[in-house]
Amino acid sequence: MSSPVSIAETKALLKETLRQFEDFPTKGILFEDILPIFKSPKTFQSLIDAIKHQIEANFSTPESKPDVVVGLDARGFLFGPTLALQLGAAFVPVRKQGKVPGPTVEAEFEKEYGKDVFVMQADAIKAGQKVIIVDDIIATGGSAKAAGQLVTKLGGEILEYVFILELDFLHGRDQLNAPVYTLLSGQPEKLGS
């Protein structure tokens, strides 16, 4: 299990690893690229260990242990299944409209550069299951809020939202209906500055 020192080391490692791209996907957006995390097994393992440590510290009793990790399309898919496996929980993907077969529930949301619709299979979460929702970055909070609405529609109980990075100047956490945990907050200076 990670110690507080390794959490600090993980935060430093993540800051060194993230990349930024200006005007992506649209002009005026400074895009935070998490993909380099997955090029390094050490960095990826540190990320999973840090998040797992935080969740286990907050939800340590059998009654509070998460049953399901919900990962948001698409970057929540990159670490959500590994985290779920480490926690002994199920993994449920939240996808964009048109990507999920069978009966679904849906929620529309507005994000920092457009509107979208998230869907989840209607039988993905059972009433009363405890859920952790994960994604790479929280910006305006729209996509995470929509995922939370899907969990709630199916009767799940949201324990926490977990993100690698929070763009806190956008106040996205204010839209969410459960505690928020992030490893990093703020947007680092532009690369090359």
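How many aromatic pairs does a search of the whole structure find?

Reply: A search of the whole structure finds four aromatic pairs. Rings of Phe, Tyr and Trp (its six-membered ring) count as a pair if their centres lie within 6.5 Å; planes under 30 degrees apart are called stacked, over 60 edge-to-face, and the rest tilted. The model is a predicted one, in which local features need pLDDT of at least 70 and side-chain atom pairs count only at pLDDT 80 or more, while totals for chains, interfaces and linings use all residues. Numbering runs from 1 along each chain as its sequence is written, and side-chain values use heavy atoms, with hydrogens and water left out.

One of the pairs is F38 with F44, an edge-to-face arrangement with 4.9 Å centre to centre and 65° between the planes. F38 counts as partly exposed because its relative accessibility is 25%, whereas F44 is buried at 19%. (Buried means under 20% relative accessible area, exposed over 50%, and partly exposed in between, with a 1.4 Å probe and protein chains only.) Another pair is F109 with F118, which is tilted, at 4.6 Å centre to centre and 40° between the planes. Here F109 is buried at 6% relative accessibility, and F118 is buried at 2%.

Helices (H or I, at least four residues) and strands (E, at least two) are DSSP runs numbered from the N terminus. Helix α2 covers residues 41-58 and helix α3 residues 76-87; the two pack at about 55°, their axes 10 Å apart. The axes are lines fitted to C-alpha atoms, for helices over the stretch in contact, and the angles run from 0 to 180 degrees between N-to-C directions. The two helices are therefore oblique to each other; under 35 degrees would count as roughly parallel, over 145 as roughly antiparallel, 65 to 115 as roughly perpendicular, and the rest as oblique. The crossing of α2 and α3 is right-handed, that is, the near helix is turned clockwise from the far one by less than a right angle, anticlockwise being left-handed.

(Ala, Val, Leu, Ile, Met, Phe, Trp, Tyr, Cys and Pro count as nonpolar, Asp, Glu, Lys and Arg as charged, and the others, Gly among them, as polar.) Contact means heavy atoms within 4.5 Å.

The bond from D73 to A74 has omega near 0°, and A74 lies in the loop between β3 (68-72) and α3. D23 is partly exposed, with a relative accessible area of 40%.

H171 likewise has a positive phi of about 60° without being a glycine. Its loop joins β8 (157-166) and β9 (180-185), and H171 is partly exposed, at 48% relative accessible area. Strand β8 contains E166, which is buried at 6%. Not counting residues up to four places away in sequence, E166 touches I138, R173, T182, L184, S185 and G186.

Two further positions have C-alpha separations from residues elsewhere in the chain. A90 is in strand β4 (residues 90-96) and is partly exposed, at 38% relative accessible area. Its C-alpha atom is separated by 8.9 Å from that of P66, 24 residues apart along the chain. Leaving aside neighbours within four places in sequence, A90 is in contact with D67, V68, V69 and A84. G148 lies in helix α4 (residues 142-153) and is buried, with 1% relative accessibility. The C-alpha atoms of G148 and V70 are 78 residues apart along the chain and separated by 9.3 Å. With the neighbours within four places again left aside, the contacts of G148 are I133, I158 and Y161.
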